Amino acid sequence: MEEFLAKAFLLASTLIVFAGGVGRFLGHPLDWSIDLATFTFAWAVFLGGDLALRENRHVAVENLLHLLPPGARRWTRVGIWLLVALFLALLLVYSLQAAYLKTCTYSPRA
């Protein structure tokens, strides 16, 4: 189901960008097309990233890890996972702060 959704969001993003371009060419731009295309593309990226993580298909430098002894290899992998977890935690904190600031400073046009 997740793979189907990732493909569907990617296809939707492509079709929305195409429709926006055609609309602009015909003199009737779709103002919402870029926002919706960005939204669907972001979902495709996150779902695709999760699939790659589950299947262990992310880009990795395995050749360097194979040069290490098995104990060091294990601790290196643990360290890498900790760095990924730290990055995701920081991303969550800063994105929530940015979302909060965006909602607090919103003022509709007159």
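This note goes through a predicted model, point by point.

1. Basis. Residues are numbered from 1 along each chain as its sequence is written, and side-chain values use heavy atoms, with hydrogens and water left out. Because the model is predicted, local features need pLDDT of at least 70 and side-chain atom pairs count only at pLDDT 80 or more, while totals for chains, interfaces and linings use all residues.

2. Helix α1. Helices here are DSSP runs of H or I with at least four residues, numbered from the N terminus. Helix α1 covers residues 2-25, and its 24 residues should span 34 Å at 1.5 Å a residue. The expected span is 1.5 Å times one less than the number of residues. The end C-alpha atoms are 35 Å apart, which agrees. Just after α1, G27 takes a positive phi of about 90°.

3. Buried side of α1. Buried means under 20% relative accessible area, exposed over 50%, and partly exposed in between, with a 1.4 Å probe and protein chains only. By that cut-off the buried residues of α1 are E2, A6, S13, I16, G20 and G23. What covers them includes α2 (33-54). As background, an α-helix has 3.6 residues a turn, so residues three or four places apart point the same way.

4. S13. This residue is found in helix α1 and is buried, because its relative accessible area is 7%. Contact means heavy atoms within 4.5 Å. Not counting residues up to four places away in sequence, S13 touches A37, T40 and F41.

5. The aromatic pair. The structure holds 1 aromatic pair. F9 and W43 form this pair, and it is stacked, at 6.2 Å centre to centre with 25° between the planes. F9 lies in helix α1 and W43 in helix α2, so the pair ties together parts that are 34 residues apart in sequence. For the cut-offs, rings of Phe, Tyr and Trp (its six-membered ring) pair if their centres lie within 6.5 Å; planes under 30 degrees apart count as stacked, over 60 as edge-to-face and the rest as tilted.

6. Surroundings of the pair. F9 is partly exposed, with a relative accessible area of 23%, and W43 also counts as partly exposed, at 40%. Leaving aside neighbours within four places in sequence, F9 is in contact with T40, W43, A44 and L47.

7. R54 has its place in helix α2 and counts as exposed, at 62% relative accessibility. Its C-alpha atom is separated by 33 Å from that of A19, 35 residues apart along the chain. R74 lies over the face of W75, at 5.4 Å from the ring centre; this requires CZ of Arg (or NZ of Lys) within 6 Å of the ring centre and within 35 degrees of the ring normal.

8. The largest pocket. Its volume is about 790 Å³. Of the 20 residues that line it, the closest to its centre are L53, H58, I80, W81 and V84. α2, α3 (62-66) and α4 (70-104) each supply at least two lining residues, and α4 gives the most, with 7 residues. A pocket is an open set of points on a 1 Å grid over the protein atoms alone, where a 1.4 Å probe fits, with protein on both sides within 12 Å along at least five of seven lines; lining residues have an atom within 4 Å of a point.

Technical notes: Points joined across faces, edges and corners; volume = space filled by probe spheres on them.
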